Amino acid sequence: MYIPAIIAGLISFIMTPFVIKMAHKLGAVDVPKDDRRMHKKPMPLWGGVAIFTGFFVSMFLFSNIATTKLIGLFIASCVVLVTGMIDDIKPLGAKSKLLMQIIAAFILVKSGFEINFFTNFFGKTDFIFLANFAVPISIIWIVGVTNTVNLIDGLDGLAAGISAIAAVTLSYIAILNHQYDAAMITLILAGSSIGFLPYNFNPAKIFMGDAGALFLGLVLAAISIDGALKSATAITVVVPILALGVPIFDTAFAILRRLINKRPIMEADKGHLHHRLMSIGLGQKKAVLSMYLISALLGAGAIALLKQSWLHAIILLGLAAVVVFIPINRSLLMQKKNDLE
């Protein structure tokens with residue numbers, strides 16, 4: 001099971017220098033225009049093309065996933081990848097990008113990546129079957145997770161590393177649920193993400209761009225449906241949310257923050273957790289490694305919950321909460337002090 005992941009990583013690693021040249025030639029370059037961007041010089045985008053290539057070459061060579069699902073995953077991934085590539089050259093409107101994401105999500109659902117039930121915590125029956133609501137709920141989940149990964153892509157190596165950690169977590173969860181095809185997919189995704197990291201970790205030589213972030217988010221959403229949400233345990237919904245905790249919680253708090261401040265939900269700001277870590281004096285490397293730690297703690301907590309190791313779960317999730325709370329609290333205190341001055 002590890003050989004396909006290694007192959008995916010090697011392909012992604014080998015492809016990245018070619019993608020860098022291609023991005024420069026075709027104008028897929030991010031020029032820093034505001035103080036939200038951490039880089040100071042133009043950076044090539046489209047790193048997602050290398051991740052995509054490593055992932056699907058290995059998938060077609062080694063995966064036992066049903067043909068319909070594999071083709072559906074490939075077509076849906078192409079939709080978001082091409083959308084991201086176009087957006088990286090000439091920014092598309094939010095509605096256009098959302099429409100393409102919905103189309104990609106619909107393709108995934110129709111190819112078999114569908115949430116059919118939730119565990120019933122309080123009723124007499126074991127499950128709540130979604131019936132006619134299965135398709136819209138599945139699409140909402142896929143589109144939501146796809147965008148959360150895109151929103152955390154703010155520091156060198158952040159989205160690729162977080163996605164790799166989430167993929168490894170989901171792989172282990174899939175194995176515990178005897179979903180071995182889903183476990184294979186997740187390990188391949190982790191491998192292709194890790195293969196890209198040497199070029200993307202600070203100081204980065206290339207960014208994954210919207211093409212990569214949307215692709216990673218889409219595949220993680222599909223995997224979570226196939227390997228975690230199809231579990232028959234009492235924490236069916238909680239486990240994948242924790243495994244993908246960093247992008248999901250960061251996005252949720254961003255939406256809440258903008259609503260409280262009466263700002264547009266889609267408006268960019270510097271309130272994300274990685275911005276908070278940077279504001280208290282951590283450099284990019286330390287901020288990203290801190291985010292990796294939080295993601296790993298949440299992932300380990302999710303696994304502990306699935307195994308019903310309640311004490312371990314409480315300790316791990318508590319540690320994650322502390323690591324999150326400290327920089328946010330310090331950042332808010334520093335901001336208040338600056339406002340008073």
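## Second largest pocket

Helix α10 contributes the most to the lining of the second largest pocket, namely 9 residues. Helices here are DSSP runs of H or I with at least four residues, numbered from the N terminus. The structure is a predicted model, in which local features need pLDDT of at least 70, side-chain atom pairs count only at pLDDT 80 or more, and totals for chains, interfaces and linings use all residues. Residues are numbered from 1 along each chain as its sequence is written, and side-chain values use heavy atoms, without hydrogens and water.

In total, 22 residues line this pocket, and F249, D250, F253, V324 and I328 lie nearest its centre. Two or more lining residues come from each of α10 (245–260), α11 (273–279), α12 (284–306) and α13 (310–340). The lining comprises 15 nonpolar, 4 polar and 3 charged residues. (Nonpolar: Ala, Val, Leu, Ile, Met, Phe, Trp, Tyr, Cys and Pro; charged: Asp, Glu, Lys and Arg; polar: the others, Gly among them.)

## Packing of α4 and α5

Helix α4 (residues 94–110) packs against helix α5 (residues 134–151) at an angle of about 125°, and their axes are 9 Å apart. The axes are lines fitted to C-alpha atoms over the stretch in contact, with angles from 0 to 180 degrees between N-to-C directions.

The contact (heavy atoms within 4.5 Å) brings L98, Q101, I102, A105, F106, L108 and V109 of α4 against V135, S138, I139, I142, V143 and N147 of α5. By class, this contact of α4 with α5 has 10 nonpolar and 3 polar residues, and no charged residues.

Definitions and conventions. 1 Å grid on protein atoms, 1.4 Å probe; cavity = no way out; pocket = protein on both sides within 12 Å on 5 of 7 lines; lining within 4 Å.
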